[in-house]
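Subject: Structure handover, pockets and salt bridges

Hi,

My notes on pockets and salt bridges follow below it.

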Amino acid sequence: MHLYIMLDNSLFICYSTDNYSKLTDLFLNSLQDINVNNINHMKDDIDVSNKKTGFRSDLWYYCVRNKINHLINTLQNYDTLNNIKYFIFTDCDIIYIKKNLNEWYNLEIHIQNENKDIYFMRENNPHDVNTGFCIIQNNDNITNIINFFVNVLKTFDETDKKNMYHGDQTIINNLKSEINYGFIPNDYVIYATKIYNKKKSLFHHAVCTKDVNDKIKQIKQIKSAFK
């Protein structure tokens, strides 16, 4: 029995710039490893050669804003994507775990039973969402989800950087009561170096790092745990 049909019915939505190219290659290769080909990847051609990179840099704020804009532009075409059951919005510092591929089946059962419109991974603070990865159901409430992200983008553009320490994530956590959201169980998530359940882990988000090289080092560490 084919147990990961959820992946076949999903569109992965992602955004990247050149400073993330090594990470993006690892990310895309890991999607290929789990047989995902349905990917809407926006490669932004902005010249990053003379720009400061890293958390809370001007480039970082530019990127987190434009990844939300890319999500909105993709979702607004949902009526031509009626064969898509789930929109999976993912950062490119995420690696997918091939070993537990069949657990996508159990995650889909959880999503169907909970019946929320959008599912986020948790931030380190368990009450907050982490916007690096979320699953959006393509259901009758998709217009509400699109309007929510349009409002997130508008609020982002109107907010001083000092008042949104985590960029889009700060805004989304402030506004999340407006949507019917749930959380992806931690069993399916690896947050930084924290593996909650080795037998169920579906993806690793490389966070709590200094730079791209540090993220790659963390990814290699997690990969070695699943050999």
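Which helices and strands each supply at least two residues of the lining of the largest pocket? They are strand 1 (10-16), helix 3 (58-75), strand 3 (86-90), strand 6 (129-137), helix 6 (168-175) and helix 7 (212-225). Helices (H or I, at least four residues) and strands (E, at least two) are DSSP runs, numbered from the N terminus.

Two points on provenance. This is a predicted model, where local features need pLDDT of at least 70 and side-chain atom pairs count only at pLDDT 80 or more, while totals for chains, interfaces and linings use all residues. Residues are numbered from 1 along each chain as its sequence is written, and side-chain values use heavy atoms, with hydrogens and water left out.

**Pockets**

The search ran on a 1 Å grid over the protein atoms alone; a pocket is an open set of points where a 1.4 Å probe fits, with protein on both sides within 12 Å along at least five of seven lines, and lining residues have an atom within 4 Å of a point. Grid points are joined across faces, edges and corners, and a volume is the space filled by probe spheres set on the points.

The largest pocket has a volume of about 950 Å³. Its lining has 37 residues. Nearest its centre lie Tyr20, Phe55, Trp60, Asp93 and Lys215. Helix 3 gives the largest share of this lining, five residues. By class, the lining of the largest pocket has 15 nonpolar, 14 polar and eight charged residues. (Ala, Val, Leu, Ile, Met, Phe, Trp, Tyr, Cys and Pro count as nonpolar, Asp, Glu, Lys and Arg as charged, and the others, Gly among them, as polar.)

The second largest pocket has a volume of about 190 Å³. Helix 2 (21-33) and strand 4 (94-96) each supply at least two residues of its lining. Helix 2 gives the most, with four residues. The lining includes Leu26, Asp33, Tyr96 and Lys223. Its classes are five nonpolar, two polar and five charged.

**Salt bridges**

The whole structure has 12 salt bridges (a side-chain nitrogen of Lys or Arg within 4 Å of a carboxyl oxygen of Asp or Glu).

- Asp91 pairs with Lys67, with the closest N and O atoms 2.9 Å apart. Asp91 is in the loop between strand 3 and strand 4, and Lys67 is in helix 3, 24 residues apart. Both Asp91 and Lys67 are buried (under 20% relative accessible area; exposed is over 50%, partly exposed in between; 1.4 Å probe, protein chains only).
- Lys85 pairs with Glu108 at 3.4 Å between the closest N and O atoms. Lys85 lies in the loop between helix 3 and strand 3 and Glu108 in helix 4 (residues 103-114), so the pair ties together parts 23 residues apart in sequence. Lys85 is partly exposed at 36%, whereas Glu108 is buried at 6%.
- Lys154 pairs with Glu158, the closest N and O atoms being 3.1 Å apart. They sit four residues apart in helix 5 (residues 142-158), about one helical turn. Lys154 is partly exposed at 48%; Glu158 is exposed at 58%.

Shared partners also join Lys67, Asp91 and Asp168 into one salt-bridge network.

**Tyr78**

Tyr78 is in the loop between helix 3 and strand 3. Its relative accessible area is 27%, so Tyr78 counts as partly exposed. Leaving aside neighbours within four places in sequence, Tyr78 is in contact (heavy atoms within 4.5 Å) with Phe87, Asn138, Ile142, Thr143 and Ile146.

Best wishes
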